[in-house]
Amino acid sequence: MKRWMLLSSLFFLFFFHANAAKSISNNAIHWGFKKGSEGKQAEAGEAYDDLLGKYDAFYKGNATDKVLYLTFDNGYENGYTEKVLDVLKAEKVPAAFFVTGHYLDSAPDLAKRIVKEGHIIGNHSWSHPDMTNISDEKIQEELERVKEKTAGLTGQTEMQYLRPPRGILSERTLKVTREQGYIHVLWSLAYKDWQTDQQKGWRHAYDNIMAQVHPGAVILLHSVSKDNADALEKVIKDLKKDGYTFKSLDDYILREKIKKPIIH
């Protein structure tokens, strides 16, 4: 009798945990949205808004403040990050740079400069995998390697912002990474800028950014793009003239996630 009760209990626990695990979907989401235009915000839809909110993830700020959040994906160095940093320094604009292991290994001096000049380094994974195709343990390893390497190089010991490699995520990856202390930072403004053999000139970058810009935009640019580097100064200056201000991701947390912040 006792043996039967024990087996029943074990079966119940197994069944419960198996179904709990199944309740967290690992269906891949390839991030996308309806682009903003004429100052109106980009929209990903209620279902995505609710899912991201469940795990403190975000892709835009509120629609009432003309605040922008500038972010770069740095998978590898292509010779333009130095120019980007020069512009940010001259214009006193903060940014976040999401880096991979390859970037940290190949461009350590630039990583150091990013942090030294007050910008945030975010996690873009060590080897840029589709995280929906790897285990929870492998995800943790990918992120921890970037965090440890960044701390050793730059002195930035904390890391809480994550951009999913390839823009692919699932509820499982949101949950796993949130439990590791990370917040997914997606984006509401981007264009096809990462193909280095298809650069079309600074005006192409400028026009794409200005056409989509909206209050609360999280702007994604790839640092490998010459067009982005050449357009950045004019983009920033013209957006400032239009009443926009640039804030850091830390400021986003203060503005959007803390209901009654002490710091304003």
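This is a predicted model: local features need pLDDT of at least 70, side-chain atom pairs count only at pLDDT 80 or more; totals for chains, interfaces and linings use all residues.
- Strand 2 is mostly covered, with 8 of its 8 residues buried.
- Cover is found on both faces of strand 2: one side carries Val 67, Tyr 69, Thr 71 and Asp 73, the other Leu 68, Leu 70, Phe 72 and Asn 74, and all of them are buried.
- Strand 9 (residues 245-247) is also parallel to strand 2, with 3 bridges between them; here Tyr 69 stands opposite Lys 247.
- To get from strand 2 to strand 3, the chain passes through helix 3 (residues 81-91), making a right-handed β-α-β crossover.

**Nonpolar cores**

- As a general point, nonpolar side chains in soluble globular proteins tend to be buried together.
- In this model, the largest nonpolar core has 45 residues. Leu 68, Leu 70, Phe 72, Leu 88, Phe 97, Leu 221 and Leu 232 are those with the most contacts inside it.
- Helix 9 gives the most to this core, contributing 6 residues.
- A second, separate core holds 27 residues, among them Phe 58, Tyr 69, Trp 187 and Leu 249.
- Beyond its neighbours within four places in sequence, Phe 97 is in contact with residues including Phe 72 and Asn 74, Leu 85 and Leu 88, and Ile 120 and Ile 121.

**Helix 8**

- Which residues of helix 8 (residues 202-212) are buried? They are Ala 205, Tyr 206, Ile 209 and Gln 212.
- These four lie on the same side of helix 8, because they cover an arc of only 150° around the axis.
- Strand 8 and helix 9 (226-241) are included in what covers the buried residues of helix 8.

**Glu 144 in helix 6**

- Glu 144 is found in helix 6 (residues 136-154).
- Glu 144 and Gln 180 are 36 residues apart in sequence, while their C-alpha atoms are 9.4 Å apart in space.

How values were computed: Residues are numbered from 1 along each chain as its sequence is written. Side-chain values use heavy atoms; hydrogens and water are left out. Helices (H or I, at least four residues) and strands (E, at least two) are DSSP runs, numbered from the N terminus. Buried means under 20% relative accessible area, exposed over 50%, partly exposed in between (1.4 Å probe, protein chains only). Two strands pair if DSSP finds at least two bridges between them. A crossover is right-handed if, with the strands pointing away from the viewer, the path from the first strand over the helix to the second runs clockwise. The arc is that of the directions from the helix axis to the C-beta atoms. Contact means heavy atoms within 4.5 Å. A nonpolar core is a set of buried Ala, Val, Leu, Ile, Met, Phe, Trp, Tyr and Cys residues joined through side-chain atoms within 4.5 Å.
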